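Here is a short report on charged side chains and how they pair. Look at the model first, then read on.

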Amino acid sequence: MGDKTMNRSEDPATTIYNVQAAELLALEAQHLPILEAVPIYEKLVTTFPTSSKYWKQYVEAYMAVNNDEAVKQIFSRCLLNCLHINLWRSYILFIRKVNEKKGSEGLEETRKAFDFMLHQVGSDIASGPVWMEYIAFLKSKPAASPQEESQRMTSMRKVYQKAILIPMHHLDQLWRDYEMFENSVSRTLAKGLLSEYQPKYNSAKAVYRERKKLIDDIDWNILAVPPTGSSKEEEQCTAWKRLLAFEKGNPQRIDAVSANRRVTFTYEQALLYLYHYPEIWYDYVTWQSNSSPSDSSVNIFQRSLKALPDSDILKYAFAELEESRGAMSSAKKIYESLLADSKNATSLVHIQFLRFLRRTEGIESARKYFVEAHKSPTCTYHVFVAFAMMAFCIDKDPKVAQSVFETGLKRFMKEPAYILEYADFLCRLNDDRNVRALFERALSSLPPEQSVEVWNRFVQFEQRYGDLSSMLKVEQRRKEALSKAKIEDGSSSALENNLYDAVSRYSFLDLWPCSSKDLDHLSRQEWLANIGSKRAAEKPSLNNISGALDSLGTDSNSIGLATTNPNQYLSSTKVVRPDTSRMVVYDPRLSKGTEFSGAPNFNVSNLGGMPGSTNSAETDEFLKLCSPSLQAFITNLPPAEGIVPDVDLVLSILLQSSIPACRAASTSTQQVANPTSSINQNGSINRQGKRKDRERQDEDDMSTVQSRPLPRDVFKLRQIQKTRGATSSTQTGSAASGGGSVLSGGPSISSN
């Protein structure tokens, strides 16, 4: 059942780390005999090696059958890599059980086990009961002589003084017990000791409050699985990072050794749940190497590669650490292990190994390796570029570098990126003749759809270093080549007489021969032209539209399409769309009244009637032109936050748009002689007199509104346009409905 449950899915990531299936297996193993449950437990602890829950369940299953040797073996596998207080309490319970009947020797073994446990997990926030249990154990230890009694009291005092310095639960109880202990021994001595440790206890208590707030955000019941990007995983990772930053700051101001031990313990606890996060491993190693350089950093890297064997970045970082420590042979073995794996033997590995050999053994060793590497099937043009520039910049040998580029050109002539890198190298050599020859060779072999970048670089080269005739000639050749291939070039305009060529010709770096507004206008016009050409190519023909309607068996007039002027319908589909390249990500942290480049003439604080604004004169003038309801609406508006659009620009785009609307069919055939009533085929009377009167009254009201002069305010103008459109559509729909009843005698077909 275990194999079937864990191998249900085809995706290895979701199959192996199926949390629900693991919970079912653990529940099943609890009800099985130990021999049948062992394979399940082994599968669980192999998949989740940092799960204290499964280790504890595994070891308790052996403890239940009194198999002490198996229990010891399991504890030796998990204790040091799983610093969880519940697992360690099971360990101390086992030690006390084993040594219960061994007399003084057993008591000494138990005391050593307590010391070992508190050294490992004694700084845990939930370790308070363990400290109390240890103190109770020391109290119960018999003393045969006054000397042993004195030693016991001294041991208890040391344990108390260590415990009250740790920000953990039950800290107040431990302090009260310590006060009682000191007063029971000697009130004179107690006064001095308590006054000495009172400030330390208060500091630990204050740190405990802050520490508890951070730890409460952590879920201690989740399993360590590879990150999937879920919100809960991100929250947990952030919570652990906050706790780590808190511990690194040493808020309690304890000595450096104790502070480093506490940070190390926090990292180890974080890895119980973030076991598959390379950033946590790398952060741990970086902090460890900076705080106390030793072999512990190497051990952490080895553990990280065991947890994440496919993480190349951790392997590079490990090799870097070994190289920085002077262990060149160990670093070289790491690179060789990457190259030995055919899956990881990418061009990047070749390049990094070349750089490592050049740093440690010299350029000759790197050259020998390049001779072997460029024959590999996984070698791409990146390796040629990397070694050529290495020989040029480090070895100061341009001939070798050019020879490498020429060798690679035979294999990568159709790689535009390689052509551009070679051209940049020739430009550094001031070899303009070979630069032009390279461009000509490349453009003659590259297909048109891949030659855009090469054409752009060729034009840029001529604009900077060529004469006027060659510049214009190359620009014209580029236009002809790309137009024949029907490619929209990002730097060439779709308009015939565009200033873009002149702008690119006379610009340099961030210096432009025109203002930013002119550039925005040019880019907008070019974008509109490109969009227009796309829509013209994709616009369906009238025959296709008519054919589609005929295939549906629907009369075009019945759905409000007037086919007398088909071009009118096609032109109505033109809508001016926003330039998405000018979009800005909204940030709610932006302060009120901030001006943006997208709206140079508009400020959030310009509306004095808004809360928090000051310019009331302009607002009063504006509100006088508005209706009372609109005045109340604007006055109660909340302050604007975030990105503020250019209102004039938005309105201009909307006014340029021609929104497609359904046109009613001609109503000339729907008029009847008797406007007041008609008799349907079923004998019912269809009265229309009142409806006509209402329509006539609406027309009179509309004519009164239309006879008024148009206001100059843009918002009122938009409201009037909407009102006219709504009224006209209502009248047309009524006419169509009435006509349908009279002529056909059945239900009418409206434009809806």
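Glu462 counts as buried, at 2% relative accessibility. Buried means under 20% relative accessible area, exposed means over 50%, and partly exposed lies in between (1.4 Å probe, protein chains only). This is a predicted model: local features need pLDDT of at least 70, side-chain atom pairs count only at pLDDT 80 or more, and totals for chains, interfaces and linings use all residues. Residues are numbered from 1 along each chain as its sequence is written, and side-chain values use heavy atoms, with hydrogens and water left out.

Glu462 has a salt-bridge partner, Arg436. A salt bridge is a side-chain nitrogen of Lys or Arg within 4 Å of a carboxyl oxygen of Asp or Glu. Arg436 is partly exposed, with a relative accessible area of 25%. The pair links distant parts of the chain, 26 residues apart: Arg436 sits in helix α24 (residues 432–445) and Glu462 in helix α25 (residues 452–465). Helices are DSSP runs (H or I, at least four residues), numbered from the N terminus.

How many salt bridges does the structure hold? It holds 30. Three of them are set out here.

| Salt bridge | Closest N to O |
|---|---|
| Arg436 and Glu462 | 2.8 Å |
| Arg359 and Glu323 | 3.0 Å |

Glu42 is partly exposed, at 24% relative accessible area. Arg77 is partly exposed too, at 40%.

How values were computed: Helix = DSSP H or I, 4+ residues; strand = E, 2+ residues; numbered from the N terminus.
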